[in-house]
Structure formats: structure tokens, C-alpha cells
Amino acid sequence: VVSDNTFAGNIYDAISAISSAPFFSSNRASGNGINGIAMSGTIVHDYTFVRDLTFVIGNVTLLYGHTFAADPGVVFKFRSNSGMISAYGVFDIHGLEAEPVVFTSLADDAYGGDTNGDGSTSVPHAGDWIAHRYSAERDHPVATSSIRSAVVRFGGGSGSIFGGVVI
């Protein structure tokens, strides 16, 4: 559990979760290289992304046989040219009209604020990040997942994967 903390003045990420996914709640970040929760690696247990700091995605794999969810209002920002979520397990995204789940570029300040701390220096562009991909594993069909009330912006930036969401 990472709860009720203030992260300030760190040179890189406010929080870095590599192949781990603890519960996050009521955290604050400012003046860091990245004012968010940087995630990469493989998550090997059931997990729900809850609304807290912005999740900054490198390359995250959600394994088959597990259930993943994103609560309303969760913001995922992806690192340029490498950011991707590969969902082999169930991944249910259940936003609300007033609180969508957002998938966007790290350069996009419209959702989750200025996560990369550069003011208006960086500007998001189509193809800034790769994709949110639902995939089959060898010997396993794609698990039943759902996307409801989501916003997907500035994705699809790979020569072999086309679209912000790939099914």
C-alpha cells in the first residue's frame, strides 16, 4: 500500500513500480521529473487501477489468468514511442461519462495535468505512444474484456500496430 504521501523534487519519477502493482491512494506529487506513477514490466496478479496520481506507462503486460480493471477517472499516459499495455488477461475499463478512463500521451496536459512537468513545452501528437492491445497467448484465447466510457488520444505510433486500441 502506498497511501497519503507527498513526492516532491525527485529527479525522475515520483513513484516507480517495476513489475509490481501495489494499491495507491491519496498521494500527491509536484516538482518531480514525472509527477505520476511510472509502471513497466509484467503484473502477475489480479489488479485494479484506482484513481490516484496519473499512471505513466512504459511497456506493461497483464498476464493471462488474471483480471485487471480501471476505475472511473483513472488516467494512463504513455511514454513516447514505447508506451503500450498488452492485456492477455481480462481487462475491464469502466469509466463514466463524467469520469472517463483516459489513455493518452505523456505530453497531453488536458487530462491528468502537466505530468511531465514541462509546462507547455511538449505538445501531444498522433502516434506519440504505441497502443492498448488485447492479445491472445499461444494456447489461450483472448479473455473477455470491456471498454466503456474511455477517451483514447494520440496513440497508434508503431509501424506494426495500428490504432490506439488494438483488439
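Rings of Phe, Tyr and Trp (its six-membered ring) count as a pair if their centres lie within 6.5 Å, with planes under 30 degrees apart called stacked, over 60 edge-to-face and the rest tilted. By that rule, Phe24, Tyr47, Phe49, Phe55, Phe76, Phe78, Phe91, Phe103 and Trp129 make up one aromatic cluster.

A word on the model: it is predicted, so local features need pLDDT of at least 70 and side-chain atom pairs count only at pLDDT 80 or more, while totals for chains, interfaces and linings use all residues. Residues are numbered from 1 along each chain as its sequence is written, and side-chain values use heavy atoms, leaving out hydrogens and water.

Searching the whole structure turns up nine aromatic pairs. Here are two of them.

| Pair | Centre to centre | Angle between planes | Type |
|---|---|---|---|
| Phe49 and Phe91 | 6.1 Å | 50° | tilted |
| Phe76 and Phe103 | 5.0 Å | 10° | stacked |

Strands here are DSSP runs of E, at least two residues long, numbered from the N terminus. Phe49 sits in strand β7 (residues 47-49) and Phe91 in strand β12 (residues 90-94), so their pair links parts 42 residues apart in sequence. Phe76 belongs to strand β10 (residues 75-78) and Phe103 to β13, so this pair bridges 27 residues of sequence.

Strand β13 (residues 101-105) also holds Thr104. Is Thr104 buried or exposed? It's buried, at 0% relative accessible area; buried means under 20%, exposed over 50% and partly exposed in between, using a 1.4 Å probe on protein chains only. Not counting residues up to four places away in sequence, Thr104 touches Phe76, Lys77, Phe78, Trp129, Arg153 and Phe154, where contact means heavy atoms within 4.5 Å.

Notes:
Helices (H or I, at least four residues) and strands (E, at least two) are DSSP runs, numbered from the N terminus.
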